[in-house]
Amino acid sequence: MVFVLFNTLTQRKEEFTLPAGRDVLYYTCGPTVHDYAHIGNFRTFVVQDVLKRWLEAGGHRVKHIMNITDVDEKTIERAARKKIPLASLTEKYEKVFFEDLDCLNIKRAESYPRVSDNIDKIAEMVAGLYEKGHAIRDKAGSYYFDINTFPDFGRLSGKTPHRKIRALMQREDYRAPKNFLLWKRCESDHGIKCFESQLGRGLPGWHIECASLATSFLGPTIDIHSGGLDLTFPHHENEIAEAEAYTGRRFARFWVHVEHLDVFGRKMSKSLGNFFTLRQIIKRGYDPRAIRFLYLQTHYRSKIAFDFNKLDDAQRAVFILDEVVNSLAEVEKYGANDYTDEIAKFKSGFSESMDDDLGTDRAATLFIVFLRDVNRVLVDKQLSNTAVKNIGDTINWAIDVFGLLEGCESQQ
RNA sequence: GCCAGGGUAGCCUAGGAGCGAGGCGGCAGACUGCAGAUCUGCUCUACAUGAGUGCGACUCUCAUCCCUGGCUCCA
């Protein structure tokens, strides 16, 4: 069986291969812990979780690293506004984030390195880029990546580094029109968090933290790097430039980007104010598994137009699942139907869909249909002893791939 | 402007050259103390427009119209 995955870098589906016996090196961009994450954010994390589960179901071991951004403008601003220490803000929302992950039954990564714990590594990378001539330093002591020294810049996002980039990069972070921030010098500490490092007192740029954490925890070349679609540019584009300029090696083999979840016709986002948190959804009485299932009912490269009718549908599917699982456990009278063909057909159809660029949408449909059919034959009491056992195993297999075990109770 | 993705019965979606679309909703029935869930049956029988290539297109090609999203913060 061949697993193919769409690679943003090449804009096409490619077979996912790996030298025998090696772990899959998997890096996903984690949250900035300044607030509750919303259900749009969690779509990405759930898809990434299912990707990991499918790789594992295929016999791979996956070494997964996800960063925690606990130092950046947003966290610093927010802590300052609330007049609380930065750490107490980020600790709170980091805890909340992990609770939500558990609630959604998202498997834990191998490690969740915090930016604040890895300043030295990041500073070292910046210093290295400077030595190699890929960075420029201004009079104040801030460092910027010089994209003129990286000819491949723009390849991932398909943007050419000419007029477009120039137009895009006008913020103050981009000292010269084409460059982006690596390390921001900060002198005083009045309410602002600054770190001591070999570069002096300052704060790391956003892109360099992922480039640094990914390469230092997983090595110069990772197999899969994933994030939300909106990270393609500039975040991932910049990461590639930093990492490849620094290591001289290819940074990531596969880039996997997850589409957005829309609501009221717009991308769900904090700045638009049109978001729901996981907690709000649960408070309305929904099973977290319903949200998971809702995510998986749409292919990860398509937008989901979120609405509560769809969530109701997904909730219903989860009920049917529970119903069938319970009924299977209570079967007392057996028939002669081994159900062999139906089980085999479902398993191969499900696998085939998943192998084709993680087709959870088709797999989900097949799963529902399978459950309905099983439910029907259960009523007729036709199933044999073996059938009941095999169906149970098959359902558990699908539950495991989709991660539909109950994470948290519908507590608020 | 650039890039991407769409237009499928009341709504939401899947499809792929020929074969009964699926779910929701609606209607009826079974089950049930009621309700929900579940089960059965019924309802509805669609693919933006124009042209082209096919024996044959909703499905391929080329146009056209319309819609949506992204593009220096963002999963």
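Predicted model: local features only at pLDDT ≥ 70, side-chain atom pairs only at ≥ 80, totals over all residues.
Residues are numbered from 1 along each chain as its sequence is written. Local features need pLDDT of at least 70, and side-chain atom pairs count only at pLDDT 80 or more.

Helices here are DSSP runs (H or I, at least four residues), numbered from the N terminus, and strands are runs of E of at least two. The expected span of a helix is 1.5 Å times one less than its number of residues.

| Helix | Residues | Length | Span, first to last C-alpha | Expected span |
|---|---|---|---|---|
| Helix 4 | 119-131 | 13 residues | 18 Å | 18 Å |
| Helix 12 | 360-379 | 20 residues | 28 Å | 28 Å |

Buried means under 20% relative accessible area (1.4 Å probe, protein chains only). In helix 4 the buried residues include Ile119, Ile122, Met125 and Leu129. Among the elements covering the buried residues of helix 4 are strand 7 (180-185), helix 6 (206-218) and helix 7 (232-247). Gly133, with a positive phi near 85°, follows helix 4.

The buried residues of helix 12 include Ala364, Phe367, Leu371 and Val374. They pack against helices 1, 9, 10, 11 and 13, where contact means heavy atoms within 4.5 Å. Lys381 follows helix 12 and has a positive phi, near 55°.

Ile224 touches Leu5, Phe16 and Phe254, among others, not counting residues up to four places away in sequence.

Methods. Chains lettered and ligands numbered in written order. Heavy atoms only, no water. Buried < 20%, exposed > 50% of the residue type's maximum accessible area, 1.4 Å probe, protein only.
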